[in-house]
Amino acid sequence: MKSFWKAFYYDGRTAERHEVEISLSPEALCVKKDGKEALWRLDEVDQTQGFNKGEPVRLEKGGEALIINDAEFVVSLYSMAPAHAARFKRPDRMGRGVLLISLSAFLTIAIGLGVYFWAIPAMVRVATANIPPSVEDRLGRSYVSGLTGMVPQCTSPEIIDSTDRILKKLESAVPGHPYDFKLYVLKNETVNAFAAPGGHIVLLSGLIEATESPEELAGVMAHEMQHVLKKHSTQAIFKDLSTGVLFSFAFGDLQGLSGAVRTMEGLRYGRNLEEEADKKGMELLVRAGIDPEGMVGFFEYLWECECKKEKKDKKASVLEYLSTHPATENRVEYLKKNLGSVSPRNYEPLLPGVDWERVKNSCSGGPPGGKEKQDEEAQKTDEVDT
Ligand SMILES: [Zn+2]
């Protein structure tokens, strides 16, 4: 162990730096300058620098200061003057401290990620499985009330009657379910539909107008009903907002909670949940005696729009639906596969005697026209533009 160290001395009156030699004893520091020795009692010395690795150690006594550019100095001081060790900090120990801080920060982040990606989804699954339908109903009602406050509802008796009849028919194929399904038809040209917890299903008039038959609309409705029956929408709300939701929920602030997720896009689900809603939705159609070809046909139509990537208004609004649902090519493929496993039968028309062209346009009051007509119009506009 060293007994002498080179250091720089400042007298506190001038900025002049003096080279000195220092040595240690159990009670004092001996500073040798120009052949003269001065004793600094350790209980009068303060360390003001040298807490981090690589940093010089600065000691002060009154206005005088010593700079020792050697971390080993404090290590020696610990061994030579243990009675005063508590007044001084070892830069090497501080290095370990920094390492520990970094390690604990890393662990905190790792635990946080674990909580976010594993624990919260697991908690959400357990929690949503046990949430009573009455609470889901409140949650869904609150979610939808935000939308109905912003977007006008369609009041066309024909649309309300037709969509209600489709809903009743679908519901008849799920006996004993715990939900009170409610439909909201909102006047908006966006092609979208979504389900809120507890059985609140929102259909935008743009989507209804894009369908060619009640069977196509029933396909979308069956899909959305499955998001409710399988509690996907409840899970989505809880998962997306994770702990914030749990706190809001715990304190009964459902209004505030749903306000945070109100959006015309609806809730987002993972691909697995979308596929489950498609598969179970098709089974529901078959049980209800509704031709599942309609469901496939509608998604095929969406896929065609996606392929064309049209920028015209009507096409762009179709893409809105696609942004919240799985890639339609795969979807059409697996729906067709599911369709193949359903035993073929003759289906009765879903709404016999109903003029669907007229009904579906009765909300917007616009000129009746199927999607072929929209295609033609879009093509015409394209020709003009190009
Ligand atoms: Zn969906």
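Predicted model: local features only at pLDDT ≥ 70, side-chain atom pairs only at ≥ 80, totals over all residues.
Author: Residues are numbered from 1 along each chain as its sequence is written, and side-chain values use heavy atoms, with hydrogens and water left out.

Reader: Happy to start! What makes cysteine 154 and cysteine 363 a disulfide?

Author: The term asks for a pair of cysteine sulfur atoms within 2.5 Å. Here the S to S distance is 2.4 Å, so the pair meets the definition. The structure holds 1 disulfide.

Reader: Which parts does the pair tie together?

Author: Cysteine 154 lies in the loop between helix 3 (133-150) and helix 4 (157-171), and cysteine 363 in the loop between helix 13 (356-360) and helix 14 (371-385), so parts 209 residues apart in sequence are tied together. Helices here are DSSP runs (H or I, at least four residues), numbered from the N terminus.

Reader: Why is serine 205 called buried?

Author: Buried means under 20% relative accessible area, exposed over 50%, and partly exposed in between (1.4 Å probe, protein chains only). Serine 205 has 6%, so it counts as buried. Among the residues it touches, not counting those up to four places away in sequence, is Cys363; touching means heavy atoms within 4.5 Å.

Reader: And why is phenylalanine 106 called exposed?

Author: Its relative accessible area is 55%, and the label applies because that value is over 50%. Phenylalanine 106 lies in helix 2 (residues 91-130).

Reader: How do you know that glutamate 275 and arginine 271 form a salt bridge?

Author: A salt bridge needs a side-chain nitrogen of Lys or Arg within 4 Å of a carboxyl oxygen of Asp or Glu. The closest N and O atoms of this pair are 3.2 Å apart, so the contact qualifies. The two residues are 4 residues apart in helix 9 (residues 271-287), and are therefore separated by about one helical turn.

Reader: What about lysine 32 and glutamate 37: why does that pair count as a salt bridge?

Author: Their N to O distance is 3.8 Å, so this pair also lies within 4 Å. Lysine 32, at 34% relative accessibility, counts as partly exposed, whereas glutamate 37, with 55%, is exposed.

Reader: How many salt bridges does the structure hold?

Author: The structure holds 18 salt bridges, and Arg41, Asp43 and Glu44 are linked in a network of them.
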